[in-house]
Amino acid sequence: MERAVRLLHAGRFRPLSALALALTLVAGGFAAWAGQDWYRAAHDERAGYAAQRDAALTAGEQAVQNLNTLDHREVDRGLDLWESSTTGELHEQLADGSKEFAAQVKEAKTVSTARVLSGAVTELDDRAGRARVLVALRVTVEAADGAKSDKDSRMLGELTRTDGRWKLSALGQAPVGGTSTG
């Protein structure tokens, strides 16, 4: 008789066990899905490319700002910042003309301060370590007599990655407005 009672209880549905099993299966499925999603994100080339794009943009904006900011009271410090922000031919041009330029700025007693308004990476070749940026900025120039003037401009910069850092290798004024095709 005891055996018959045990067999009767053995076939009985146990809701707590079924719930625990269901929750275990759901948790295992979620863990597998989340792990696969994490793996795909960690090994996605687009994430690395986006990080390089963001690094190039940040460096480009900062370098353009640096090259448009100079205080006659700290000319040497400002020119050192210019040189540390650049590489290649642009760097050589700045280094070669720095003494003459420093004398002009000290004589004029001007202070120019640049503020980046916006920027964008227009081209990026991560493998070659080259990028192009477009940076809009406002430059405020304070003359010796205290008069201030603001000028908004757009600059096109070329960046080269050297020693793992993005630096300006060329800088020029971006065209403003439409161009005629006639």
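The protein exposes about 12,900 Å² of surface, and carbon and sulfur atoms supply 54% of that area, where accessible areas come from the Shrake-Rupley method with a 1.4 Å probe and, for residues, only the protein chains shown count as cover. This is a predicted model, in which local features need pLDDT of at least 70 and side-chain atom pairs count only at pLDDT 80 or more, while totals for chains, interfaces and linings use all residues. Residues are numbered from 1 along each chain as its sequence is written, and side-chain values use heavy atoms, with hydrogens and water left out. Of the 182 residues of the protein, 23% count as buried, a word that stands for under 20% relative accessible area, with exposed meaning over 50% and partly exposed in between (1.4 Å probe, protein chains only).

**Overall build**

- The protein contains five helices and five strands; helices (H or I, at least four residues) and strands (E, at least two) are DSSP runs, numbered from the N terminus.
- Along the sequence, these elements follow the pattern α-α-α-β-α-α-β-β-β-β.
- Among the contacts with a separation of 6 or more, residues 24 or more positions apart account for 51%, a contact being heavy atoms within 4.5 Å.

**The sheet**

- Strands of a sheet pair through backbone hydrogen bonds, either parallel or antiparallel.
- Here five strands form an open sheet in the order β1-β2-β3-β4-β5, with antiparallel pairing; two strands pair if DSSP finds at least two bridges between them.
- The edges are held by β1 (70-71) and β5, each of which has a single partner strand, so one side of each is left without a neighbour in the sheet.
- Between β4 and β5 the antiparallel pairing runs over eight bridges, and Glu 158 stands opposite Ala 170 in β5.

**Aromatic pairs**

- A pair of aromatic rings is described by the distance of the centres and the angle of the planes.
- The structure holds two aromatic pairs; rings of Phe, Tyr and Trp (its six-membered ring) pair if their centres lie within 6.5 Å, and planes under 30 degrees apart count as stacked, over 60 as edge-to-face and the rest as tilted.
- Phe 30 and Trp 33 form a tilted pair, with 5.8 Å from centre to centre and 40° between the planes.
- Both Phe 30 and Trp 33 lie in helix α2 (residues 15-42), three residues apart, which is about one turn of the helix, and Phe 30 counts as exposed at 53% relative accessibility.
- Trp 82 and Phe 101 also form a tilted pair, at 5.4 Å centre to centre and with 35° between the planes.
- Because Trp 82 lies in helix α4 (residues 75-84) and Phe 101 in helix α5 (residues 88-108), this pair ties together parts that are 19 residues apart in sequence.
- Trp 82 is buried, with a relative accessible area of 10%, whereas Phe 101 counts as partly exposed at 32%.

**Salt bridges**

- Side chains of opposite charge can pair when their charged atoms come close.
- The structure holds seven salt bridges, each being a side-chain nitrogen of Lys or Arg within 4 Å of a carboxyl oxygen of Asp or Glu.
- One of them joins Asp 71 and Arg 73 at 2.8 Å, N to O; Asp 71 is buried, with a relative accessible area of 18%, while Arg 73 is exposed at 59%.
- Another links Glu 74 to Arg 77 at 2.9 Å, N to O, where Glu 74 counts as partly exposed at 41% relative accessibility and Arg 77 as exposed at 62%.
- Arg 132 and Glu 158 meet in a salt bridge of 3.4 Å, N to O, and since Arg 132 lies in strand β3 (residues 130-142) and Glu 158 in strand β4, the pair ties together parts that are 26 residues apart in sequence.
- Salt bridges that share partners join Glu 123, Arg 132 and Glu 158 into one network.

**Loop residues with positive phi**

- Lys 109 has a phi near 55°, a positive value in a residue other than glycine; Lys 109 lies in the loop between α5 and β2 (111-125) and counts as partly exposed at 45% relative accessibility.
- Asp 163 likewise has a positive phi of about 55° although it is not a glycine; Asp 163 lies in the loop between β4 (148-162) and β5 (165-173), and counts as exposed at 81% relative accessibility.
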